[in-house]
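Hi everyone, thanks for coming. Let me put the structure up on the screen, and then we'll walk through it together.

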2 protein chains.
Amino acid sequence: MTIKDFQQLIAERYRKRDKARGTPKTFMWFIEEAGELATALANEKTSKKQKEEEFADIFAWLCTLANINDVDIEKACINKYHKKQPKGFK
Amino acid sequence: MTIKDFQQLIAERYRKRDKARGTPKTFMWFIEEAGELATALANEKTSKKQKEEEFADIFAWLCTLANINDVDIEKACINKYHKKQPKGFK
């Protein structure tokens, strides 16, 4: 599945509600999902399935944020990472 | 570009360093990128190109976290969002 297809799937399903919620509140939900991912990764008893669900959820919320800010994540990734190697690393 | 291809691109480029850094410190960098995304989205003067770069960066760090936790984000997204519609929403 392409990045674009997944972002589009999220748009079709949630865009109307996401637009109404707006960026600041959507960002808060995105961070709430980051917290769930932290909980899953910090706990050694977390199953692989649970981890997978948290990664899917946070990526879905990232797509939501992108949808309501008119950003095409696939295009962004290709431009920044595929076409060239970013300078510097952490 | 598929989700899997992008995750693989990040793995090929950074996996060795990411494995050595480990999950907790990588999660801290992921959150640092979330902060950069917040700054970009909160500032009305942010250009579209800058927003795109922040979305690409945070997705790259999400892929890094997935790589070092043996999670396939594409598979996770298909299982959770493509095959069925999750119950409940925010």
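So, how close do the axes of helix α1 (residues 3-21) of chain B and helix α4 (residues 73-82) of chain B come, and at what angle do they cross? They come within 8 Å and cross at roughly 150°. Before I go on, some housekeeping. This is a predicted model, where local features need pLDDT of at least 70, side-chain atom pairs count only at pLDDT 80 or more, and totals for chains, interfaces and linings use all residues. Residues are numbered from 1 along each chain as its sequence is written, chains are lettered from A and ligands numbered from 1 in the order in which they are written, and side-chain values use heavy atoms, with hydrogens and water left out.

Back to the helices. Two packed helices are described by the angle between their axes and the distance between the axes. Here an axis is a line fitted to C-alpha atoms, for helices over the stretch in contact, and angles run from 0 to 180 degrees between N-to-C directions. The helices themselves are DSSP runs (H or I, at least four residues; strands are E, at least two), numbered from the N terminus. With that crossing angle, α1(B) is roughly antiparallel to α4(B). For the labels, under 35 degrees is roughly parallel, over 145 roughly antiparallel, 65 to 115 roughly perpendicular and the rest oblique.

Who does the touching? On the α1(B) side you have B:I3, B:K4 and B:Q7, and on the α4(B) side B:I73, B:E74 and B:C77. Contact means heavy atoms within 4.5 Å. By class, that is three nonpolar, one polar and two charged residues. In this scheme Ala, Val, Leu, Ile, Met, Phe, Trp, Tyr, Cys and Pro are nonpolar, Asp, Glu, Lys and Arg are charged, and the others, Gly among them, are polar.

Now across to the other chain. Helix α4 (residues 73-82) of chain A and helix α3 (residues 48-67) of chain B have axes that come within 8 Å and cross at roughly 85°. So α4(A) is roughly perpendicular to α3(B). From α4(A), the residues in this contact are A:I73, A:K75, A:A76, A:C77, A:K80 and A:Y81, and they meet B:E52, B:E53, B:F55, B:A56, B:D57, B:F59 and B:A60 in α3(B). The classes here are eight nonpolar, no polar and five charged.

A:F27 is buried at 14% relative accessible area, and A:F30 is buried at 1%. Buried means under 20%, exposed over 50%, and partly exposed in between (1.4 Å probe, protein chains only). In chain B, the rings of B:F27 and B:F30 have centres 5.7 Å apart and planes at 50°, so that pair is tilted.

Most residues other than glycine have a negative phi. A:D70, though, has a positive phi of about 55° and is not a glycine. You'll find A:D70 in the loop between α3 (48-67) and α4 of chain A, exposed at 53%. B:D70 also has a positive phi of about 55°, and is exposed at 52%.

Last, chain A overall. There are four helices and zero strands, and 53% of its 90 residues are buried. The C-alpha atoms fill a box of roughly 35 × 35 × 25 Å along the principal axes.

Methods
Rings of Phe, Tyr and Trp (its six-membered ring) pair if their centres lie within 6.5 Å; planes under 30 degrees apart count as stacked, over 60 as edge-to-face and the rest as tilted.
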